[in-house]
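Hi,

Here is the structure I promised to pass on to you. Have a look at it first, and then read on for what turned up.

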Amino acid sequence: MNLSTRAVLAIGGVFLGCCSGVVFLELLVKLDPGAGNLITAAQFAFIALEGFIFTSRFGLAQRVISLTDYALLVAMFFLTSVCNNYVFEFNVPMTLHMIIRGGSLISNMCLGTLILKRSYRLSQYISVVMISVGIFICTYFSSPDLVGRKEENLDGSTDMFWWLVGVLLLVLALFVSSYMGVTQELLYRRHGKCAREALYYTHLLPLPAFLLMQDNIRTHWLLALAGESYHLPLLGVAVPLILVYLLGNVLAQHLCISSVYTLTTECSSLTVTLILTLRKFISLVFSIIYFRNPFTVHHWLGTVLVFVGTLMFADVIRVPKRTQAVKQE
């Protein structure tokens, strides 16, 4: 497989940006589990500002896709970003968060069949079953983690209810994200691939919606300012530790998502799927080892099913075909 220099750089950006972004996200969540809206708002604002300067050229560049076409795309992107970051409020573990998001092939297959009228091989249907079972196992055996964290809370049923709300939000975000991918594919068919423009407008247009969350964002911003401080070694000044992690997460997320958008214009969807799957697996393993997250043999079984099923879906691991040696007499 011959890859261009731009594709190689994009792959490096995906691994470096996305993996480091997960590290900073978990550090943030450990300090303030409710900071999801603050994190999302910071990511959107930074990427929109960078796009306004370098992509839109201060609003002077001509758009390829109209704002009307971007409307649905932007609404879906905003919803998935908010859901994926806000679920930590409901005690969803980071490992479960990554595993459910790793099941995007299931939702892609469903929507591809229903909307794009695509057909799939038997091995792909088998892989979807494996992924579904893997996610179920990890979901089921992650729920006791909640009980361990909430021993002081007498109302365990309430904790379980909100944990289920968080899981359902992740599943909703999974399917909305897949539908967004279908919408992007249809837009690119009509207008050609314009990854940088799509990246810019999908982060710029939703910014006013964060005004609806301004109280929550302000609350967690003040908590960040009042939290633990970190002394910058070179400057000799103390800054809130959460803001250090937030800056790291924002920069990593920008590198991650811009690299993904670039990769979609340089490689086939199969190559992109494989790269993102491997990236998720590396992030998951690193999270377990570095942060010492609870991970039982059941979690490992579910994880193996999810990732082996994903590789089968992408036709990297193939189901052996039976060859019938029928002699003609």
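Let's start with the overall layout: the chain contains 12 helices and 2 strands. Keep in mind that this is a predicted model. If you walk along from the N terminus, the elements go α-α-α-α-α-α-α-α-α-β-β-α-α-α.

Now for the chain as a whole. Of its 329 residues, 48% are buried. As for contacts between residues at least 6 apart in sequence, 82% of them link residues at least 24 apart.

Two packed helices are described by the angle between their axes and the distance between the axes. Helix H2 covers residues 36-54 and helix H10 covers residues 241-266; they pack at about 55 degrees, and their axes lie 9 Å apart. Angles between 35 and 65 degrees are neither roughly parallel nor roughly perpendicular, so H2 and H10 count as oblique to each other. Their crossing is right-handed.

Which residues of H2 and H10 meet? On the H2 side, look for Leu 38, Ile 39, Ala 42, Gln 43, Phe 46, Ile 47 and Glu 50. Facing them in H10 are Leu 246, Asn 249, Val 250, Leu 251, Gln 253, His 254 and Ile 257. Sorted by type, the residues of this H2–H10 contact come to 9 nonpolar, 4 polar and 1 charged.

Cheers

Note on methods:
Residues numbered from 1 in each chain as written. Predicted model: local features only at pLDDT ≥ 70, side-chain atom pairs only at ≥ 80, totals over all residues. Heavy atoms only, no water. Axes fitted to C-alpha atoms, helices over the stretch in contact; angles between N-to-C directions. Helix = DSSP H or I, 4+ residues; strand = E, 2+ residues; numbered from the N terminus. Parallel < 35°, antiparallel > 145°, perpendicular 65-115°, else oblique. Left-handed = near helix turned anticlockwise from the far one by under 90°. Contact = heavy atoms within 4.5 Å. Nonpolar A, V, L, I, M, F, W, Y, C, P; charged D, E, K, R; others polar. Buried < 20%, exposed > 50% of the residue type's maximum accessible area, 1.4 Å probe, protein only.
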